Amino acid sequence: MSTYHAVAWLDHTEAHVLQFDREHVEAQKVRARSHHKHQGRDNHDANYFPAIYGALQGNHEVLLAGPGLAREEFATWVKKQHPDGAVRFVDSVVSDHPTDAQLVALARKYFLKFDQMAGDPAQK
């Protein structure tokens with residue numbers, strides 16, 4: 001599904017990517033294989049961030065959400081790996097563990113304000 005807006009909630013073990021328009025929502029889950037510490041070092045899944053990025057393809061504006069640093073680490077990874085700006089993060093908000101419905105409601109409310117501030121005629 002190619003939409004204009006998406007919200008991605010993520011921590012270091014799981015991501016919920018929700019693409020939506022006015023009438024439809026499509027949800028995807030992306031899971032990291034492992035994030036356990038091994039001999040004092042993080043065992044980070046090298047495919048985790050690329051999989052999340054792949055799930056966001058086709059969206060122009062993305063709201064990042066999550067409880068910790070993973071969302072900022074992901075945004076930094078995207079800027080390094082994909083400097084073309086095909087996916088634009090409009091904001092990063094702290095969010096505990098909402099349901100997908102709560103996450104979409106948060107994102108719809110956010111983007112309504114964001115789009116009106118930007119003068120999006122489709123939202124007026």
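**Burial and pairing**

Analyst: Start with Gln19, which lies in strand β2 (residues 14-20). Helices (H or I, at least four residues) and strands (E, at least two) are DSSP runs, numbered from the N terminus. This is a predicted model, where local features need pLDDT of at least 70 and side-chain atom pairs count only at pLDDT 80 or more, while totals for chains, interfaces and linings use all residues. Residues are numbered from 1 along each chain as its sequence is written, and side-chain values use heavy atoms, with hydrogens and water left out.

User: Is Gln19 buried or exposed?

Analyst: Buried means under 20% relative accessible area, exposed over 50%, and partly exposed in between (1.4 Å probe, protein chains only). Gln19 has 3%, so it is buried.

User: Which side chain does Gln19 join in a polar contact?

Analyst: A polar contact is a pair of N or O atoms within 3.5 Å; within protein, one must be able to donate a hydrogen and the other to accept it, and residues adjacent in sequence count only if both atoms are side-chain atoms. Here the side chain of Asn59 is the partner, at 3.2 Å.

User: Why is strand β6 largely enclosed?

Analyst: Because 6 of the 6 residues of β6 (residues 61-66) are buried. One side carries Glu61, Leu63 and Ala65, and the other Val62, Leu64 and Gly66.

User: Which strands pair with β6?

Analyst: Two strands pair if DSSP finds at least two bridges between them. Strand β1 (residues 5-10) pairs with β6 in the parallel sense over 5 bridges, with Ala8 bridged to Leu64. Strand β7 (residues 88-94) runs parallel to β6, joined by 6 bridges; Gly66 is partnered there by Val94.
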